[in-house]
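Work through the exercises below with the sequence and the model open beside you, and try each task before you read its solution.

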Amino acid sequence: MQRFAVPSVLAAVAVAAAMPLFAQAITTVPSGGLPSASEFSAQILPERAGVVSWRTLAQVTPVKQGNKMVPEFSKDIVALDKKDTRVQGFMIPLDVGDKQKRFLITSVPPHCSFCLPAGPDAVVEVIAKTPIRYTFDPIVVAGRFTVLKDDASGLLYRLSDASQVEVAQLAPGAPAGLVPPSSPTPGKPQVK
């Protein structure tokens, strides 16, 4: 057991020494702060007619009701409940495999395999009719939209009986590096 103590201490010292270098490599945060997920999403994915805007889905506020916090949805969101709707965004798989029957779609691309890139107002659970192939590209999915008022998992929105409609196009001014280079070009058919 003791022979592992020295390498562990050396590793900890190396990490601690590298922290100032890592901190310098991080880009600076704008003086006004980072944009909300819905604002950043609008820079990545152009808002489109017939597709629910992430700005619309962000119109929810937590309110205290009794001894717990509950979401209070805008009239625009309540009007979407139980309606056929389209949402565009980035896929976060919930199962292992190249096809997903149940996954999350988010307003911004995920930056970590184990982290949600935004809050609950910027995530929609998708339950597909048939499994959808996982992709790094943004997609548009269509299905029956449900507003979840008291979901035990903390989700606010669900799209059921869904199917992929198309690959969404990134905005012309979208920051570089959102779609990994190994991913096919959005809108181009994949060669199999």
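**Exercise 1: a charged pair and its neighbour**

Arg-55 has a relative accessible area of 42% in this predicted model. Decide whether Arg-55 is buried, partly exposed or exposed, and then find which residue forms a salt bridge with Arg-55.

*Solution.* Buried means under 20% relative accessible area and exposed means over 50%, so Arg-55, at 42%, is partly exposed. The salt-bridge partner of Arg-55 is Glu-47, and the closest N and O atoms of the two are 3.0 Å apart. Glu-47 is likewise classed as partly exposed, because its relative accessibility is 48%. The side chain of Glu-47 also makes a polar contact of 3.3 Å with the side chain of Ser-53. Ser-53, which lies in the loop between α2 (37–44) and α3 (54–57), is buried, because its relative accessible area is 14%.

**Exercise 2: a bridge between two strands**

Find which residue forms a salt bridge with Arg-102, and state where in the chain the two partners lie.

*Solution.* The partner of Arg-102 is Glu-125, with the closest N and O atoms 2.6 Å apart. This pair links distant parts of the chain, since Arg-102 belongs to strand β4 (residues 99–106) and Glu-125 to strand β5 (residues 123–133), 23 residues apart. Arg-102 is partly exposed at 40% relative accessible area, whereas Glu-125 is buried at 3%. Finally, salt bridges that share partners join Arg-102 and Glu-125 with Asp-151 and Arg-158 into one network.

Definitions and conventions
Residues are numbered from 1 along each chain as its sequence is written. This is a predicted model: local features need pLDDT of at least 70, side-chain atom pairs count only at pLDDT 80 or more; totals for chains, interfaces and linings use all residues. Side-chain values use heavy atoms; hydrogens and water are left out. Helices (H or I, at least four residues) and strands (E, at least two) are DSSP runs, numbered from the N terminus. Buried means under 20% relative accessible area, exposed over 50%, partly exposed in between (1.4 Å probe, protein chains only). A polar contact is a pair of N or O atoms within 3.5 Å; within protein, one must be able to donate a hydrogen and the other to accept it, and residues adjacent in sequence count only if both atoms are side-chain atoms. A salt bridge is a side-chain nitrogen of Lys or Arg within 4 Å of a carboxyl oxygen of Asp or Glu.
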